[in-house]
Amino acid sequence: MMNTARSRDILTPDQAADYLQVDRETVYRYIRAGKLDASKLGRSYRIPRSSIELLLLATRTRPYIKLREYTDEQIEQFLKEDVLEGKALEVARAFDERAMGGAFFKQTSGADEADTTA
Amino acid sequence: MTIDSTTTLFFDSASLFAASHSPTGGSAYLILVCQYGYLQAMVSPDVLQETERNLLEKSTAAAFLRFRQLLADTPLLLVSAPAEPLVRLYEPAFFEDGHVIASAISSNAQYLITLDQPFARRISASTLPILAMSPGAFLQEVLPGHPDYERIRRTVT
């Protein structure tokens with residue numbers, strides 16, 4: 001199965017999972033997140049092998065670089081710290097209105113403060 | 001320190017995560033200011049990768065798409081990945097953030113924008129030639145010094 005998957009240019013999610021040696025659900029998660037480009041033909045996905053190679057390239061690591069994985073608590077703290085309030089909000093509103101044509105606050109007036117699933 | 005459109009802001013992954021996850025926050029605001037050309041945003045490949053991984057694991061598909069859009073819309077200065085000796089140099093003081101500070105310092109960024117308070121405190125306690133600030137603190141303390149902000153104030157008053 002693996003040899004077949006390696007030799008094909010278009011893979012099914014199962015073949016992609018086999019090729020990447022990850023769970024099938026992980027492949028679906030990457031597709032849903034837009035990290036892995038796929039085409040939906042009828043009810044099933046087909047994934048170009050080039051998309052998988054690109055994913056491997058984008059997620060490659062160098063051993064001396066340690067990338068951080070934030071905890072839920074850290075993310076909560078970041079988002080709290082990111083809230084615009086007080087003088088920062090005042091400056092932001094003034095600069096937005098006069099220098100950016102109100103682009104920020106017009107664009108965000110109907111938006112949620114943050115996604116709720118962090 | 002005076003600022004203008006050439007002032008460089010190095011964004012870490014905490015601020016880029018917040019900019020993607022929360023479009024109404026200070027990080028998203030500062031990125032927009034950079035998109036308008038009032039300031040210059042800088043990032044490193046490792047910071048982008050760190051952001052992307054955390055968004056995939058801890059946020060939503062919508063936030064991930066916003067991150068992709070942010071990369072497409074923002075004239076980012078992408079600095080070279082730091083060499084191993086430079087990262088090792090900063091690791092004792094900055095641990096896993098060694099690569100962040102190595103990239104920011106080697107690219108001569110003037111400000112490091114982060115929401116990670118312990119990281120910002122470590123930078124402030126050092127003698128490194130860079131100022132670490134949250135987006136809110138930057139807006140409050142630095143942006144009012146921008147010539148365009150001064151011009152705006154004069155127009156309004």
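User: Leaving aside its neighbours within four places in sequence, which residues is Lys66(A) in contact with?

Analyst: Happy to start there! This is a predicted model, and in it Lys66(A) touches Glu50(B), Arg88(B), Glu91(B), Glu96(B) and His99(B), once neighbours within four places in sequence are set aside. Lys66(A) itself lies in the loop between helix 4 (49-58) and helix 5 (72-82) of chain A.

User: Why is Lys66(A) called partly exposed?

Analyst: Its relative accessible area is 39%. Buried needs under 20% and exposed needs over 50%, so Lys66(A), with 39%, falls in between and is called partly exposed.

User: What makes the pair Lys66(A) and Glu91(B) a polar contact?

Analyst: Their side chains are joined at 3.1 Å. The cut-off for a pair of N or O atoms is 3.5 Å, and 3.1 Å is within it, so the pair counts.

User: How do you know that Asp72(A) and Lys58(B) meet in a salt bridge?

Analyst: The N to O distance between the two side chains is 3.0 Å. A Lys nitrogen has to come within 4 Å of a carboxyl oxygen of Asp or Glu, so this pair of Asp72(A) and Lys58(B) qualifies. Across the interface of chain B and chain A, the rule finds 5 salt bridges. There are also 17 residue pairs in polar contact between the two chains, counting pairs with both residues at pLDDT 80 or more.

User: Which element of chain B gives the largest share of the side that touches chain A?

Analyst: That is helix 3 of chain B, with 9 residues. By type, the residues on this side of chain B divide into 27 nonpolar, 16 polar and 15 charged.

User: How many residues are in contact between chain B and chain A, and what area is buried between them?

Analyst: On the chain B side 58 residues are in contact with 47 residues of chain A. About 4800 Å² is buried between the chains, and carbon and sulfur atoms give 59% of that area. In chain B, Thr24(B), Tyr29(B) and Lys58(B) lose the most area to chain A, together 13% of what that side buries.

User: What puts the buried residues of helix 7 of chain B on the same side?

Analyst: The buried residues of helix 7 (residues 117-125) are Phe119(B), Ala120(B) and Ile123(B). They cover an arc of only 100° around the axis, which puts them on the same side of the helix. The face turned away from that buried side carries the exposed residues Arg121(B), Ser124(B) and Ala125(B). The buried residues of helix 7 pack against helix 5, helix 6 (98-106), strand 4 (111-113) and strand 5 (131-133) of chain B.

User: What is the secondary structure of chain A, and in which order do the elements run?

Analyst: Chain A has 7 helices and 3 strands. From the N terminus on, the order is α-β-α-α-β-β-α-α-α-α. Of the 118 residues in chain A, 36% are buried. Among its contacts between residues at least 6 apart in sequence, 38% join residues at least 24 apart.

Notes
Residues numbered from 1 in each chain as written. Chains lettered and ligands numbered in written order. Predicted model: local features only at pLDDT ≥ 70, side-chain atom pairs only at ≥ 80, totals over all residues. Heavy atoms only, no water. Contact = heavy atoms within 4.5 Å. Buried area = accessible area lost by both parts, 1.4 Å probe. Polar contact = N/O pair within 3.5 Å; in protein donor to acceptor, adjacent residues only side chain to side chain. Helix = DSSP H or I, 4+ residues; strand = E, 2+ residues; numbered from the N terminus. Nonpolar A, V, L, I, M, F, W, Y, C, P; charged D, E, K, R; others polar. Buried < 20%, exposed > 50% of the residue type's maximum accessible area, 1.4 Å probe, protein only. Arc of directions from axis to C-beta.
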